[in-house]
Amino acid sequence: MAGFVDQAQLHAKAGDGGAGAVSFRREAHVDKGGPDGGDGGSGGDVILVATDEMASLLSFADQPFRRAESGAHGMGKQRHGRSGGDLEALVPTGTVLRSLDGEVLADLAEPGMRFVAAKGGEGGRGNTRFLANKRRAPSFAEQGEPGEENWFNLELKLKADVALVGYPNAGKSTFISVISRAQPKIADYPFTTLKPNLGVVRLADDFEYVVADIPGLIEGASEGKGLGLEFLRHIERARVLVFLLDATESQGTSVAEQHRVLLRELGNYLPELLDRPRLVVVSKADVLDEEIVRHGEEYLGVAADMAISSISSLNVEALKRKLAEMVSKSRIESAGPRSSDAIFINLTPDGFKVVRLGEHRFRVLGRAAERSVALSDVTTADALEYIQTRLRHLGVDRALARAGATDGDEVAIGEFEFDYTRD
Ligand SMILES: Nc1nc2c(ncn2[C@@H]2O[C@H](COP(=O)(O)OP(=O)(O)OP(=O)(O)O)[C@@H](O)[C@H]2O)c(=O)[nH]1
Ligand SMILES: [Mg+2]
């Protein structure tokens, strides 16, 4: 149903990588053995997965935060830290993800589609990995990389799973107001509802479906009478139709006649609508004698599936569950092949860039450069030598020179600071 859009925000925080360990072998007859610090485990990703079980973004409006587990730290004796588990966050099929600037990052159009919303940090390498000919007893290990953290705007075009069809004043808006958070106008006169209202129904097991409350339908609607054809179009895309028949016969039309007219008008408009899964429900059953409710067909002349009252709550829960069953069945039947295409968008590009903060102050930003200085101990001579070699290798020195750095300028990378000197 065009025009109904659900919006929410998501904050995805991936797990941090565990730190690598600094440790040395202990052996009975060796003074100080070689390094044996294990690596930290990597942090888990936050992955969005599209599913047909959800129909709205309500769960994100309630709680926008989704976080994955961090990796454990490495330990001595070459023991690596355990990796943090990924978090799969379910979103309804059709969810579009945008950055806060409005750029489209992913369109999860098919069930099963996945999007990595925040990538887990890598675990730090233990000191074992820094063993080199010149460096027999590495005094440092890498720290874990922080997990990515991103805000997104989520957007979903709502599609009605269930359409409530009935005479004016039959209690359609009242029913949607008791099963969802929708708060349509309710009044004791016909044509109170002029445009369809949508409500999201959520069951205890998190199953969701969308119900549309359609303006009242009268005899001749398929030829344009009453509010006419316009809203009949909204019924076309619903999976399940509910006929709500007014037990008070407030428009002077008997329950049986309401039923006949609804069938006729839908059939005239689009014959396929009569093959759509349909439930016939008598509404306002609180005004009826219990006998009539129990043996409805005899008295009302209609083979109704159920009698409900939005006022006394009679059978409201039962109808809610019955509709969930019908919607679920229809979704399964119409489901296409499941897609598991992962869309990867690298939100934190590798490499680095140099930013000038003042006349003699620079900052180097970027994953690779920040990784090279994130060590457990940056004060020892072998750690400093390692950092220098890495930065030269990445081209950070050259980039600083190009940016105009001169001897003695302050340079910061992550939490590491040093004075620039041209070799
Ligand atoms: N006794 C009783 N009255 C009800 C019940 N449900 C709705 N009503 C009343 O019926 C009248 C019409 O209700 P609405 O929900 O506005 O009906 P509607 O089908 O949306 O009507 P339109 O939008 O005009 O097509 C209101 O006065 C409601 O209070 C019910 O279960 N029992
Ligand atoms: Mg209404």
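Colleague: How do you know that domain 1 and domain 3 are in contact?
Modeller: In this predicted model, eleven residues of domain 1 are in contact with nine residues of domain 3. A contact here needs C-beta atoms within 7 Å. These residues meet that cut-off, so the two domains are in contact.

Colleague: What makes up the side of domain 1 that touches domain 3, by class?
Modeller: Six residues there are nonpolar, two are polar and three are charged.

Colleague: Why do strand 16 and strand 19 stand at the edges?
Modeller: The sheet is open, has four strands in the order 16-17-18-19, and its pairing is mixed. Strand 16 (353-358) and strand 19 (416-419) each have a single partner strand, so one side of each has no neighbour in the sheet. On average, neighbouring strands are turned by 25° against each other, direction ignored.

Colleague: How do you know that strand 18 and strand 19 pair?
Modeller: Pairing needs at least two bridges. Four bridges join strand 18 (residues 410-413) to strand 19, so the two strands pair. They run antiparallel. Val 411 stands opposite Phe 418 in strand 19.

Colleague: What surrounds ligand 1?
Modeller: There are 24 residues around ligand 1, and Gly 171, Ser 173, Thr 174, Thr 193 and Gly 216 are the closest. Helix 2 (residues 172-179) gives the most to this shell, with three residues. By class, the shell has nine nonpolar, eleven polar and four charged residues.

Note on methods: Residues are numbered from 1 along each chain as its sequence is written. Chains are lettered from A and ligands numbered from 1 in the order in which they are written. This is a predicted model: local features need pLDDT of at least 70, side-chain atom pairs count only at pLDDT 80 or more; totals for chains, interfaces and linings use all residues. Ala, Val, Leu, Ile, Met, Phe, Trp, Tyr, Cys and Pro count as nonpolar, Asp, Glu, Lys and Arg as charged, and the others, Gly among them, as polar. A residue is near a molecule or strand if its C-beta atom, placed from the backbone, lies within 6 Å of it. Axes are lines fitted to C-alpha atoms, for helices over the stretch in contact, and angles run from 0 to 180 degrees between N-to-C directions.
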